[in-house]
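Visitor: Please show me the molecule before we talk about its parts. I will ask one thing at a time.

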Amino acid sequence: MHRSALPGVIVFAGGVACLALTGGLAAVGPGNASHTLLLLVGLVAVIVGILLLAPLAVSVLAAGASPRLPVAVRIALRDLVRYRARSGAALAATTFAVFLAMAICLVASIQFGNPLNWFGSNLSSSQLIVYTQQQFGGGQISQLGNVQLASLGRQVDSFAAGLHAQSVVPLEDSFVELYQAGVQGPHDHFNGSLYVATPQLLAAYGIKASQVSPGTDILTMRPGLASLPHTELTWGNYGVQTTPGGFTQKDNVLPPCTLSSDCLANPATQTVNGLPGGTSAPNTVITEYAMSKYHLQPGLDGWLIQAPAPLTATQISAARHLALAYQVTVETRSDAPTLGEFAGAATALGIVIAFGVLAASVGLIRSETARDLRTLTAAGAGAGTRRMITAATAAALGLLGAILGMAGAVIAVLAWAHNSLSAMFGGVPLTDVLILLVGLPLIAAVAGWLLAGREPPLIARQPIE
């Protein structure tokens, strides 16, 4: 036991140290090979360390078993220690399955819960956006003229009337950008369009002017965005330089954020839950007060149509034909999963793998104790006792695997994403955590109880050994 405990602690600690040095989510990418190598080494070391500690956990559980426990439970725990080679391997495999599921849930919560780099479905199934920009080959984009815009607007209103749409909201782009200063990587900037909070837009989502605090620059439904530190709202020529060839590009080192340089540090942001949550919907908008104060000029980007029911394939096809006539684009709901769907799939996969390992391992352990089970049967132990022994064996392995796997995943992700703790703990799906921690041992116990209980062969018919 001690031989595997010390190496396990050393390897696990080394893996955590490697994960802490990787730089977190911002360092993931093709240009950070050294960080990626550290991530892989750290992840493997953490998993190996946990697997080496698994036999120790079995012994600790058996040693802490209270004499007040039923005899069948004490027998099950004793057998886990007696056949530690098999029970340790079973626990290690179960722990790995739970570790994998929990780590996926935690990392997904960081990705999905990042207030700047919002992730999830773009629109609901009953929403549709018709954009005003013409798309040409080679990435060329041009804006429709006033006459074309007016004509397209009439067509959009007619199409929406055919859908009996609840609202048709013009989306006015503010042409501003939102950053988090001092953060580099894929999550340092706002990943959507900051539309203008026009009275028509606010009315469509039931937001009254009295609900907006005086002096507010930005309204958002994204949790955590209002309290995100070091945010900067930029527009115009902030950080733009012109090269000798006439091209414009952002400076490598941005100038200080001041109003004179078209930048506002820490804009006043208010959370409003009434705004829609899709990544392409107006989930974050800039107030007309800010547009006027900073002399910003909006531009029509499109129309958001809210239908009373999910759009059919025929309706989506009609919208695309409408857009094709003006060489513009239409956006409908994509298949991007939500955090709940992503975490639920990971949890289900972890439980399926763990349950398969437990079923095979418990069968092997109980086969080793067949002689003891025949003795108990001869002494008068009934089917209930045999079921209890098997159920306790499966539940003990399931509970230990859930605790070790979850603890290892939390420590590993804490070390790796120590710069994103608020995003991680703000979005962890607690339902999936409870399913892993409580559901796995409970399912294992119920399955062990139901599948056990068959009376073993009589003593007179013992197999030749």
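Visitor: Which residues line the largest cavity?
Guide: A cavity is a set of points on a 1 Å grid over the protein atoms alone where a 1.4 Å probe fits but cannot get out, and a lining residue has an atom within 4 Å of a point. By that rule the lining of the largest cavity consists of Ala97, Leu100, Ala101, Ile104, Ala346, Leu349, Gly350 and Ile353.

Visitor: Which elements give two or more residues to that lining?
Guide: Helices (H or I, at least four residues) and strands (E, at least two) are DSSP runs, numbered from the N terminus. The elements that supply two or more lining residues of the largest cavity are helix 4 (84-113) and helix 9 (339-368).

Visitor: How do the lining residues divide into nonpolar, polar and charged?
Guide: Ala, Val, Leu, Ile, Met, Phe, Trp, Tyr, Cys and Pro count as nonpolar, Asp, Glu, Lys and Arg as charged, and the others, Gly among them, as polar. Sorted in this way, the lining of the largest cavity has seven nonpolar residues, one polar and no charged.

Visitor: What is the volume of the largest cavity?
Guide: The structure holds one cavity of 30 Å³ or more. Its grid points are joined across faces, edges and corners, and the volume is the space filled by probe spheres set on the points. For the largest cavity that comes to about 30 Å³.

**The whole chain**

Visitor: What kind of model is this, and how are its residues numbered?
Guide: This is a predicted model, in which local features need pLDDT of at least 70, side-chain atom pairs count only at pLDDT 80 or more, and totals for chains, interfaces and linings use all residues. Side-chain values use heavy atoms, with hydrogens and water left out, and residues are numbered from 1 along each chain as its sequence is written.

Visitor: What percentage of the residues in the chain is buried?
Guide: The chain has 13 helices and 15 strands. Buried means under 20% relative accessible area, exposed over 50%, and partly exposed in between (1.4 Å probe, protein chains only). Of the 465 residues in the chain, the buried share is 46%.

**Strands**

Visitor: What is the bridge partner of Ile129 in strand 15?
Guide: Strand 1 also runs antiparallel to strand 15 (residues 330-331), with two bridges joining them. The strand 15 partner of Ile129 is Glu331.

Visitor: Which residues of strand 8 lie on each of its two faces?
Guide: In a regular strand the side chains alternate between the two faces of the sheet. Strand 8 is covered on both faces, and its buried residues are Thr231 and Leu233 on one side and, on the other, Glu232 and Thr234.

Visitor: Which residue in strand 11 stands opposite Thr234?
Guide: Strand 8 pairs antiparallel with strand 5 (residues 177-180) over four bridges, and there Glu177 stands opposite Thr234. Strand 8 and strand 11 are also antiparallel, over three bridges. In strand 11, the residue opposite Thr234 is Cys263.

**Loops and a helix**

Visitor: What is the phi of His230?
Guide: Most residues other than glycine have a negative phi, and most peptide bonds are trans. His230 sits in the loop between strand 7 (218-220) and strand 8 (231-234), and is exposed at a relative accessible area of 53%. Its phi is positive, near 60°.

Visitor: Is Asp262 buried or partly exposed, and at what relative accessible area?
Guide: Asp262 lies in the loop between strand 10 (248-250) and strand 11 (263-265). Its phi is positive, about 65°, although Asp262 is not a glycine. It counts as partly exposed, with a relative accessible area of 21%.

Visitor: How far does helix 5 reach from its first C-alpha to its last?
Guide: The expected span of a helix is 1.5 Å times one less than its number of residues. Helix 5 (residues 146-163) has 18 residues, and the expected span is 26 Å. The reach in the model is close to that, at 26 Å.

Visitor: Which residues is Ser334 in contact with, leaving aside neighbours within four places in sequence?
Guide: Ser334 is in the loop between strand 15 and helix 9. Asn122 is 212 residues away in sequence, yet 6.3 Å away in space, C-alpha to C-alpha. Contact means heavy atoms within 4.5 Å, and the contacts of Ser334 beyond those neighbours are Ser121 and Asn122.

Definitions and conventions. Two strands pair if DSSP finds at least two bridges between them. On a 1 Å grid over the protein atoms alone, a cavity is a set of points where a 1.4 Å probe fits but cannot get out, and a pocket is an open set with protein on both sides within 12 Å along at least five of seven lines; lining residues have an atom within 4 Å of a point.
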